[in-house]
Amino acid sequence: MNSAPAVIDPFAVGAPEAEVGALAAAALALARDLKLAFRRPAQLLQPLAFFALVTMLFPLSISPELSQLRLVAPGALWAAALLASLLALEFLFRDDAQDGTLEQYALSGQSLTALLFAKTAAHWLLTGLPLALMAPIAALALGAPTSALPGIIAAVGLGSVTLSLIGAIGAALTLGIRRSGVLLSLLTLPLSLPVLIFGARATQVAISGGAIIAPLELLAAMAVFGVTLAPLAAAAAVRISLE
Amino acid sequence: MPVRSLEAENLHLWRGERHVLRGVAFALGAGECLAVTGANGAGKTTLLRTLAGLMYPEGGHVRWAGADVRADLRAYQGSLAYLGHEPPLKADLTARENLHYWIGVRRRVSPAALGAALARVGVEALAERLVRTLSAGQRRRVALAALALCVVPLWLLDEPATNLDADGQRLVGGLIAEQLARGGLAVAAIHHSLALPAGQVRQLELAA
Amino acid sequence: MRFTWFHRLGSPPYIYGLARRLTPWFAWSAALLIAGGVWGGLVLAPPDYQQGDGFRIIYVHAPSAWLSLMVYTSMAVAAAVGLIWRIKVAHALAASCAPIGASFTVAALVTGSLWGQPMWGTYWQWDPRLTSELVLLFLYLGYMGLRAGIEDTQRADRASAVLAVVGVVNVPIIHYSVTWWNSLHQAPSVMRLAKPTMAASMLVPLLVMFLGFTLLFLALVLVRLRAEILARERSSSWIREALGA
């Protein structure tokens with residue numbers, strides 16, 4: 001019945017297939033970060049090497065006796081993990097902020113929170129997860145029994161999630177500040193203390209052979225809390241840095 | 001077809017103590033291009049970033065299709081393309097990969113469309129080369145390919161012809177002409193004049 | 001929803017004038033209350049049956065500690081207001097709070113440490129309250145460090161506001177974690193005197209000191225606020241009038 005020709009709007013996004021949902025966009029952001037990281041594999045090893053180095057400081061400065069090291073193992077392990085993940089935060093937003101990619105994310109029409117969460121997830125896969133897999137080796141070197149190792153992997157795995165999320169906030173806040181490494185640590189460490197306390201506690205329980213489920217649940221709860229709030233704060237901080 | 005227009009109403013913006021935007025105002029309709037000129041430091045980039053919603057003016061409004069852009073900033077930003085001074089390309093990815101990830105978060109593009117866009121700007125031979133190996137002019141062309149893929153109503157371009165030879169400048173003019181012919185709008189901060197028919201271009205001079 | 005009073009409070013000249021008028025009131029009443037509290041605490045209150053005269057440092061320690069936390073919360077609230085409604089005076093207020101709060105934190109740590117010496121024989125114990133105060137000091141230092149690291153005032157305001165809000169959300173979490181950590185290891189118990197068993201003659205000077213310190217904070221923050229406003233608005237015309245007049 002309608003005889004008038006339909007006016008086609010050239011700017012209509014086109015078929016609905018061309019639309020990109022938040023999940024797809026986030027997946028793409030994650031894929032890009034992973035691909036970029038694997039183009040420079042040497043950079044991925046640096047935080048792990050640092051972790052090993054810091055772990056080595058403890059026997060050298062305390063005692064070679066494994067029985068003595070076992071007492072400080074939880075603390076030493078987590079101090080090393082914390083410092084290594086702090087160093088790795090350099091790689092999270094800095095490059096994207098400098099070349100304008102972050103700006104394009106903010107202007108993409110997609111949720112910046114979701115995109116930054118994807119970036120943080122990629123960062124964890126590239127640093128936190130390897131750290132968790134390396135932690136048992138460091139723990140053995142500090143005198144932990146092999147029975148403790150699964151618990152230690154779980155504890156460092158969960159704790160490093162929260163550390164990446166808190167670190168994302170600090171990294172976003174310090175974008176564009178010259179030589180911000182120390183400031184970043186100064187901001188991130190106090191906020192990471194609860195992870196340190198409960199992570200070390202979980203490691204202690206794992207070493208002494210107790211029920212590790214309770215501290216692990218707390219670490220998981222912190223990770224969930226972090227996942228819901230940290231990307232929001234990071235997105236706010238990124239927008240502020242773009243102003 | 002929705003009515004498209006971009007209006008700036010008495011924009012004021014301070015950067016620290018500098019009053020950068022002092023009552024900037026204009027109205028732009030479909031098929032029109034605004035050429036923003038001015039000395040270095042006059043506020044061209046600031047104006048573009050304010051129009052993009054990245055910066056927040058202390059006074060005045062930016063209106064898109066009559067509505068204040070602040071009302072639904074994300075939707076507004078989804079319907080514009082912003083190209084800043086530096087092309088946002090990753091040095092460790094190829095030209096094609098860069099475009100795939102850059103545009104892919106906004107809308108799905110087929111590999112064929114990517115190839116066509118690269119050909120349009122004359123760099124199809126460089127598609128599989130890492131951006132790290134490209135010259136500044138070549139990178140600028142890759143960024144223009146992304147622009148060609150962004151079929152959105154509003155283009156905000158900050159010195160789009162930087163690092164380009166005469167041929168490249170004609171390319172920029174051609175792309176903008178296509179955008180205007182579609183009924184879109186463009187705001188471009190430029191140093192030289194754009195190769196466009198005078199009837200389509202409005203001028204805005206910013207005083208330092 | 002905006003009310004006229006809200007708008008007026010956001011105006012730097014108005015706040016500047018208000019601060020100038022209110023400061024003497026706060027300053028003098030603070031001086032009176034603190035003097036009264038000190039006299040009451042040192043002279044009127046009887047010695048504690050357990051700690052002798054050593055407990056009297058609580059009259060400085062407890063208000064300092066409480067204020068260090070209250071100031072951080074106020075700073076976070078002011079920063080949040082500035083962030084959400086883009087009110088520059090709120091950011092100036094947050095900036096003014098930070099050094100004062102940090103000073104109260106240092107005072108709490110120093111007095112806590114001095115109290116420790118007669119009580120435990122050491123100048124430091126990893127007591128949960130002292131440890132929390134130490135973490136709070138780092139939160140203040142981080143806030144001030146971030147502000148100092150960003151040159152553009154507006155960006156410094158907004159970034160540090162995000163940090164303050166994130167910090168204030170974390171303060172209870174950190175405090176809980178530290179308390180729990182401490183309880184695991186049965187460290188020597190804290191220096192708090194059980195409040196219900198405190199005699200009125202001990203309690204009243206303490207409350208007086210709390211109030212006096214709060215008024216001291218208000219006086220100090222208003223002085224700093226005026227200085228902040230002066231620095232931020234130095235090229236405005238109203239400043240020249242206000243100073244010239």
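How do β6(B) and β7(B) pair, and over how many bridges? They pair in the parallel sense, over four bridges. I count two strands as paired if DSSP finds at least two bridges between them. Helices (H or I, at least four residues) and strands (E, at least two) are DSSP runs, numbered from the N terminus.

Before going on, the ground rules. This is a predicted model, in which local features need pLDDT of at least 70 and side-chain atom pairs count only at pLDDT 80 or more, while totals for chains, interfaces and linings use all residues. Residues are numbered from 1 along each chain as its sequence is written, and chains are lettered from A and ligands numbered from 1 in the order in which they are written.

Back to chain B. The sheet there is open and has five strands, in the order β6-β7-β8-β3-β9, with parallel pairing. At the edges are β6 (80-83) and β9 (201-206) of chain B; each has a single partner strand, so one side of each has no neighbour in the sheet. On average, neighbouring strands of this sheet are turned by 15 degrees against each other, direction ignored. For this and later angles, axes are lines fitted to C-alpha atoms, for helices over the stretch in contact, and angles run from 0 to 180 degrees between N-to-C directions.

Now the pairings, one by one. Touching here means contact: C-beta atoms, placed from the backbone, within 7 Å.

How many of the residues of β7(B) are buried? Five of the five, so the strand is largely enclosed by the rest of the structure. A residue is buried if 20 or more other C-beta atoms lie within 10 Å of its own, exposed if 12 or fewer, and partly exposed in between, with C-beta atoms placed from the backbone. In a regular strand the side chains alternate between the two faces of the sheet. In β7(B), Leu154(B), Leu156(B) and Asp158(B) are on one side and Trp155(B) and Leu157(B) on the other, and both faces are covered.

Chain B also meets chain A: 30 residues of chain B are in contact with 28 residues of chain A. On the chain B side, α2 (73-78) and α3 (95-104) each supply at least two residues. The largest share, four residues, comes from α2(B).

Next, chain A. This chain has nine helices and zero strands. Its C-alpha trace spans about 90 × 40 × 30 Å along the principal axes, and 53% of its 243 residues count as buried. Among contacts in chain A with a separation of 6 or more, 79% are between residues 24 or more positions apart.

One helix pair in chain A: helix α3 (residues 66-88) and helix α8 (residues 181-208) pack at an angle of about 145 degrees, with axes 9 Å apart. The residues that meet include Trp78(A) and Leu82(A) from α3(A), and Ser192(A) and Gly199(A) from α8(A).

One residue in chain A: Leu48(A), in helix α2 (residues 41-61). Is Leu48(A) buried or partly exposed? Leu48(A) is partly exposed, because 16 other C-beta atoms lie within 10 Å. Setting aside neighbours within four places in sequence, Leu48(A) contacts Pro130(A), Leu131(A) and Met134(A). Leu48(A) and Ser85(A) are 37 residues apart in sequence and 9.1 Å apart in space, C-alpha to C-alpha.

Last, chain C, with eight helices and zero strands. Of its 245 residues, 44% are buried. Helix α2 (residues 12-44) of chain C has 33 residues and should span 48 Å at 1.5 Å a residue; its end C-alpha atoms are 45 Å apart, which agrees. The expected span is 1.5 Å times one less than the number of residues. α2(C) bends by about 35 degrees at Leu22(C), and Pro24(C) follows within four residues. The bend is the angle between axes fitted to the seven residues ending at a residue and the seven starting there. Buried residues of α2(C) include Tyr16(C), Phe26(C) and Gly37(C).

Methods:
Two residues are in contact if their C-beta atoms, placed from the backbone, lie within 7 Å.
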